[in-house]
Protein chains: 2
Amino acid sequence: MPGSARTPRAPVKITDVAAAAGVAPMTVSRVINTPDRVSAETAARVRAAIERLGYVPNLIAGGLSSRRSRMVAAIVPTIAHPMFAGLVQTFTDAMRRAGYQVMLSLSGYSDDDAAADALLRALLGRRPDALLITGASHSAAARQMLVEAHVPIVEIWDVSPMPIDMLVGFNHAQVGAEVAAFFQAKGHDRFITISADDARALERIEGFIQAVQHAGGTMLGNTVLPAPSTIMEGRRALRDFLPQLTQRTALFCSSDLLAFGAITEAKLHGIAVPEQLAVCGFGNFELSSATEPPFTTVNVEGAEAGSLAANFLLRRLAGEPAREEDRVHVSFRIVERGST
Amino acid sequence: MPGSARTPRAPVKITDVAAAAGVAPMTVSRVINTPDRVSAETAARVRAAIERLGYVPNLIAGGLSSRRSRMVAAIVPTIAHPMFAGLVQTFTDAMRRAGYQVMLSLSGYSDDDAAADALLRALLGRRPDALLITGASHSAAARQMLVEAHVPIVEIWDVSPMPIDMLVGFNHAQVGAEVAAFFQAKGHDRFITISADDARALERIEGFIQAVQHAGGTMLGNTVLPAPSTIMEGRRALRDFLPQLTQRTALFCSSDLLAFGAITEAKLHGIAVPEQLAVCGFGNFELSSATEPPFTTVNVEGAEAGSLAANFLLRRLAGEPAREEDRVHVSFRIVERGST
DNA sequence: TCCGATTATGTTATCGATAACATAGAGAAT
DNA sequence: ATTCTCTATGTTATCGATAACATAATCGGA
């Protein structure tokens, strides 16, 4: 009799509840999943049994049978970034309200395809009903797995010419270009950048540099640091630029942490912000508005993105077909403060 | 024939791979889970079939059969706090290396027992092989569920006289007391506190106040703010204390964000730090060391806690028995910087 | 040369729930 | 009164993998 020795300790299962309530297991299942298909008295009796026995339904078994795990996987590089933190929060709340558990994975900023593929495989093996994934560039293997999962997918944070399914992102190069235009409108023509080396940060900087050069401005320098960004790295990076800051210069940082570090270091060396050095960060961290003086940055509505992503997925999970409008750009805007 | 209409699209399953490789399904399972029990040639053939068909094993089915989900659930209030961020990172890495997927849930700071219980039920329904949970005070229902899950559990962040199973935490009241002693050693006798209203923050403040009063110091005030803490709230809170800051005073904040806000605001009003106002934060956020001037805070080794917690769970998952040493206190220390 | 130990693989019976179908009883419509 | 619906519940056959047992093939040693 295989399986008889499998039971180290027997947790309560649906048949126990059914026996205790004097009904069939299926009725217990209905009380839990589709209560309006059960009479009020039966439901009450079953609920009492559930309560009494401390029954916690085995969603693994249920998921296998129904082929729906009631779980969605979310992959973000970090939640140290407020945009992701807000996004994850909103997304999780919305999905949870709809009865889905979010399985959150932090992928970090490493560009190790093998590790990313392994994570994805581990997640897909749990058969999530839907997927939220950061970034729009995936390895060929990853892309194939995603397509063959036959599950609604939202890619966030990035835009892609060829999304796998749905998309909620923005054009990072365009952010850089708009910041450049913003500076130039204020008469700047000498520029430096400090950036992390992750793909999106580099795109923003690239967009900035292109716009600067297109408008005939001068790039004095362009420091690239390993992700994730820290305040200290912003300080160190600015120190290297000190000799060039004799004339009025504009600085674009790929993160508010770098910007805060740069401003801190600049003040320490008697460089006037914004007169001598104008600074714009990215992310609209609380720090950017709450420090003294507050500094200019780019705001991206993470919460908006999270709720959009959740709505898209939920609509599809409810059986509605894919739509063209499920590929949207999240808005961003430059928040002007004392540093520019 | 029930089930025939269940297949919207047929994903590759173990029998498909087995057929393609000319072996029994069990052999495919062995290639994946216990490769040394399969001959090299067979394994190679099966791997080729897996690759060719793009097979992603259904861990739901495997989990049901083996009664091991290869998944551990982790519940933390937030990862905005660097201590939790570090802990989660280390913990996740260690568990992943050992072949376990971490299912991370953010519970927030709300003390809504019903919501917490619902989250716990949703997680336990997925039959995690182990659990990491923040805090040591649970509702009666939660405690019962945890005990009846019959799964290794680590409670972190807090100490408890009666842990459910294993514990990696520290005494928050003791942190407060040590900060008070630290201030008093520097000759302070007038004190204020600014704190979030979450349970642990309040414990730290309470420990601080008791130590102050025990030593005959004077508490000038004690602001409590809703969690989570922000820089701006630190600034606002300090503003209310301005009239009392005519004499030398020491401030203990339950978070570095509050401390940073308070220092920012103090400087703005011409109050000398640390001469007029000495400040100690909590958390050792990067901000505390990277801002100018850097400020004193309390450091708790999140990474250490995460790896301890992972080791404890892994040991038990490997079948070893519970030990007394699996209940440890994480060390904390006051990091003295320019603000005191 | 034959046998017990070892290794590689196959077979069978579940794991715990749910979809689909089946059925009994109550009330509505004619 | 009879048939038809609808509602509440039960029955059966899976979902896709793996544990435990069974068996065939290989091998070294007396």
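Let's start with Asp112(A), which sits in the loop between strand 2 (101–106) and helix 6 (113–125) of chain A. This is a predicted model, and in it Asp112(A) is partly exposed, at 40% relative accessible area. Asp112(A) belongs to a negative surface patch together with Asp111(A), Asp113(A) and Asp197(A).

## Salt bridges

Across all chains, the count of salt bridges is 16. One of them joins Glu292(B) to Arg235(A), with N and O 3.2 Å apart. That pair crosses between chains: Glu292(B) is in the loop between helix 12 (286–290) and strand 10 (297–300) of chain B, while Arg235(A) is in helix 10 (residues 231–241) of chain A. Glu292(B) is partly exposed at 30%, whereas Arg235(A) is buried at 6%.

Over in chain B, Asp158(B) pairs with Arg200(B) at 3.0 Å. These two link distant parts of the chain, 42 residues apart, with Arg200(B) in helix 9 (residues 199–214). Asp158(B) is buried at 5%, and Arg200(B) also counts as buried, at 14%.

Then there's Glu265(B) with Arg239(B), at 2.8 Å. Glu265(B) is in helix 11 (residues 256–268) and Arg239(B) in helix 10 (residues 231–241) of chain B, so their bridge ties together parts 26 residues apart in sequence.

Terms used. Residues are numbered from 1 along each chain as its sequence is written. Chains are lettered from A and ligands numbered from 1 in the order in which they are written. This is a predicted model: local features need pLDDT of at least 70, side-chain atom pairs count only at pLDDT 80 or more; totals for chains, interfaces and linings use all residues. Side-chain values use heavy atoms; hydrogens and water are left out. Patches are made of residues with over 30% relative accessible area and no salt bridge: like charges are joined within 9 Å, nonpolar side chains (Val, Leu, Ile, Met, Phe, Trp, Tyr) within 5 Å. Accessible areas come from the Shrake-Rupley method with a 1.4 Å probe; for residues, only the protein chains shown count as cover. A salt bridge is a side-chain nitrogen of Lys or Arg within 4 Å of a carboxyl oxygen of Asp or Glu. Lys and Arg count as positive and Asp and Glu as negative; His and the chain ends are not counted. The place of a charge is taken as NZ of Lys, CZ of Arg, CG of Asp or CD of Glu. Helices (H or I, at least four residues) and strands (E, at least two) are DSSP runs, numbered from the N terminus. Buried means under 20% relative accessible area, exposed over 50%, partly exposed in between (1.4 Å probe, protein chains only).
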